[in-house]
Amino acid sequence: MPLEDYPRPSVTVDTIIFTLRDNDLQVLLIKRGHPPFEGMWAIPGGFVGIDESLEEAALRELEEETGIRDVYLEQLYTFGDVDRDSRGRVITVAYFALVPATVIAPRAGDDAAEAHWWSVYDLPPLAFDHTDILAYALQRLRYKLEYTAVGFELLPEAFTLSELQAAYEVILGEELDKRNFRRKILSAEIIEESGAYRTGEGRPAKLYHFRDDAVAEVRARRLFP
């Protein structure tokens, strides 16, 4: 059959932005300003233009709806249930990014009425199938945290071991044994001492940073718990 004889579904992109704020794993959501689901919270996203790549569309929509730009995006998954969008046959390609809370200040724009950080553990009702998309994104983040050094993207440049453990516990949703955590994270050789200390109450704590090559896979084994 000629190409023009096939129905043409629409394609959208949705971008999940994770960060650590107030000892919590949070995700950036926008309040929809137009139907469908007007007034409901949703993952930032929109339709792909005919002359742009998927990633270009994801970055454009993210900036238009939240004001956020210059973030590294990783493709997550494609969601294509037939009835996921009441406007017609719409397939969405989801992306996600991990950013320190200090580097971005979201603002609403375009067709978004608001842009706001929400705890992934206390979400409002979401538009479309975005509850399922976020659940999948959290599962992928936990997997990557256990097998890779992806945690560096959520942390400031320098951190203590206690701060690093707290970040892992928030994301994994479980407590980790302090001694076992430190032994495994140090033996993985993905962090190194910075030579500086965090001062305050009690003894000064050593500050660490991720090694320059820590973005690579650590090992083919689970680090935690």
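This is a predicted model: local features need pLDDT of at least 70, side-chain atom pairs count only at pLDDT 80 or more; totals for chains, interfaces and linings use all residues.
1. The largest nonpolar core has 41 residues, and Ile16, Phe18, Leu25, Leu164 and Ile191 touch the most other members. A nonpolar core here is a set of buried Ala, Val, Leu, Ile, Met, Phe, Trp, Tyr and Cys residues joined through side-chain atoms within 4.5 Å. Buried means under 20% relative accessible area, exposed over 50%, and partly exposed in between, with a 1.4 Å probe and protein chains only. Two or more residues of this core come from each of strand S1 (10-21), strand S2 (24-32), strand S5 (74-79), strand S6 (90-98), helix H2 (130-147), helix H3 (161-172), helix H4 (178-187) and strand S9 (205-210). H3 gives the largest share, seven residues. Apart from this core lies another, of 14 residues, including Val13, Ala58, Leu62 and Ala97.

2. Residues are numbered from 1 along each chain as its sequence is written, and side-chain values use heavy atoms, with hydrogens and water left out.

3. Ile191 deserves a separate look. Leaving aside residues up to four places away in sequence, Ile191 touches Phe159, Leu161, Leu164, Ile185, Leu186, Tyr208, His209, Phe210 and Arg211. Contact means heavy atoms within 4.5 Å. Across the protein chain, 68% of the contacts with a separation of 6 or more join residues 24 or more positions apart.

4. The protein chain has four helices and nine strands, in the order β-β-β-β-α-β-β-β-α-α-α-β-β along the sequence. Helices (H or I, at least four residues) and strands (E, at least two) are DSSP runs, numbered from the N terminus. Taken along the principal axes, the box filled by the C-alpha atoms is roughly 70 × 40 × 30 Å.

5. Of the 225 residues in the protein chain, 44% are buried. The accessible surface is about 12,300 Å², and carbon and sulfur atoms hold 48% of this surface. The areas come from the Shrake-Rupley method with a 1.4 Å probe; for residues, only the protein chains shown count as cover.

6. The protein chain carries 25 positive and 40 negative charges, whose mean positions are 8 Å apart. Lys and Arg count as positive, Asp and Glu as negative, and His and the chain ends are not counted. Each charge is placed at NZ of Lys, CZ of Arg, CG of Asp or CD of Glu.

7. The whole structure holds 11 salt bridges, each a side-chain nitrogen of Lys or Arg within 4 Å of a carboxyl oxygen of Asp or Glu. One of them joins Glu74 and Lys144 at 3.5 Å, N to O. This pair links distant parts of the chain, with Glu74 in strand S5 and Lys144 in helix H2, 70 residues apart. Glu74 is partly exposed at 23% relative accessibility, whereas Lys144 is buried at 15%.

8. Arg84 and Asp129 form another salt bridge, 2.7 Å from N to O. Arg84 lies in the loop between S5 and S6, and Asp129 in the loop between strand S7 (112-119) and H2, 45 residues apart. Arg84 counts as buried because its relative accessibility is 7%; Asp129 is buried too, at 13%.

9. Arg87 meets Asp85 in a salt bridge, also listed at 2.7 Å, N to O. Arg87 is partly exposed at 44% relative accessible area, while Asp85 is buried at 5%. Elsewhere, a network of salt bridges links Glu52, Arg60, Glu61 and Glu64.
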